[in-house]
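Here's a quick briefing for anyone opening this structure for the first time. Have a look at it, then read on.

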Amino acid sequence: MTEAEQAIGTPDAGKAEGGAGTSAAGAGAEETAADRGRRRVGVLLGVAALAYLIDLISKLAVVAKLEHHAPVEVIGTWLQFEVIRNRGAAFGFGEAMTIVFTVIAVGVIVVIARLARKLYSVPWAIALGLLLGGAFGNLTDRVFRAPGDFQGAVVDFIAPAHFAVFNLADSAIVCGGFLIVILSFRGLDPDGTVHKD
């Protein structure tokens, strides 16, 4: 082979090198997408863990310090801490349907786990993390608190004037739900795509 042929190279060699470069680029893009997905799931799990731990610690503290005591005024009579055991849903609704709300909480956790596989949006990860942490927080009460058998009473303690008593898990669920509504109105999907109706 002459020096000119060596410099130019054969056409087949060029195609082979180009094909390899394209394959490498494609693999790199797939790896980037996979990494991005894992990071979003990490955000979801981090937010969920934080919401769950804050709820759990607050319940342990108020049960130990405030249960069977007079309400503690935080902002006069407008906001008090008063421990009650709630067998219903968030904000005290549906006390005769404890087992139903337990099943619903488990269903929410399963749905979030399925969505997490295609989660590429940080706002959606935060919203779903709040829902997951709140659901786990109240589910923990249903499983481990009396009377047990998935019918345990949830500990509520935040008592605003003229409103139902609730807890931090309820707050996380409501905030996550509002955020999902906002994201849906803005057309942002969990996979990070934006659509316009």
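This is a predicted model: local features need pLDDT of at least 70, side-chain atom pairs count only at pLDDT 80 or more; totals for chains, interfaces and linings use all residues.

Residues are numbered from 1 along each chain as its sequence is written, and side-chain values use heavy atoms, with hydrogens and water left out.

**Overall layout**
- The protein has five helices and three strands (DSSP runs numbered from the N terminus: helices are H or I, at least four residues; strands are E, at least two).
- Starting at the N terminus, the order is α-α-β-β-α-α-β-α.
- Of the 197 residues, 33% count as buried (buried is under 20% relative accessible area, exposed is over 50%, and partly exposed is in between, with a 1.4 Å probe and protein chains only).

**The cores**
- The largest nonpolar core has 18 residues, and L44, I112, L119, W124, L128, L132 and I180 touch the most other members (a core is a set of buried Ala, Val, Leu, Ile, Met, Phe, Trp, Tyr and Cys residues joined through side-chain atoms within 4.5 Å).
- Helix 4 gives the largest share, eight residues.
- Apart from this core lies another, of seven residues, among them V62, L66, V83 and F166.
- Setting aside neighbours within four places in sequence, L128 is in contact with L44, I112, L115, L119 and I180 (contact means heavy atoms within 4.5 Å).

**The strands**
- Strand 1 and strand 2 pair in the antiparallel sense over three bridges (pairing takes at least two DSSP bridges between two strands).
- These two strands form a hairpin with three residues between them, and G76 in the turn has a positive phi of about 55 degrees.
- I75 has L79 in strand 2 as its bridge partner, while L79 has P160 in strand 3 as a bridge partner.
- Strand 2 and strand 3 (residues 154-160) run antiparallel, joined by six bridges.

**Out on the surface**
- W78 sits in the loop between strand 1 (72-75) and strand 2 (79-86).
- W78 is exposed, because its relative accessible area is 63%.
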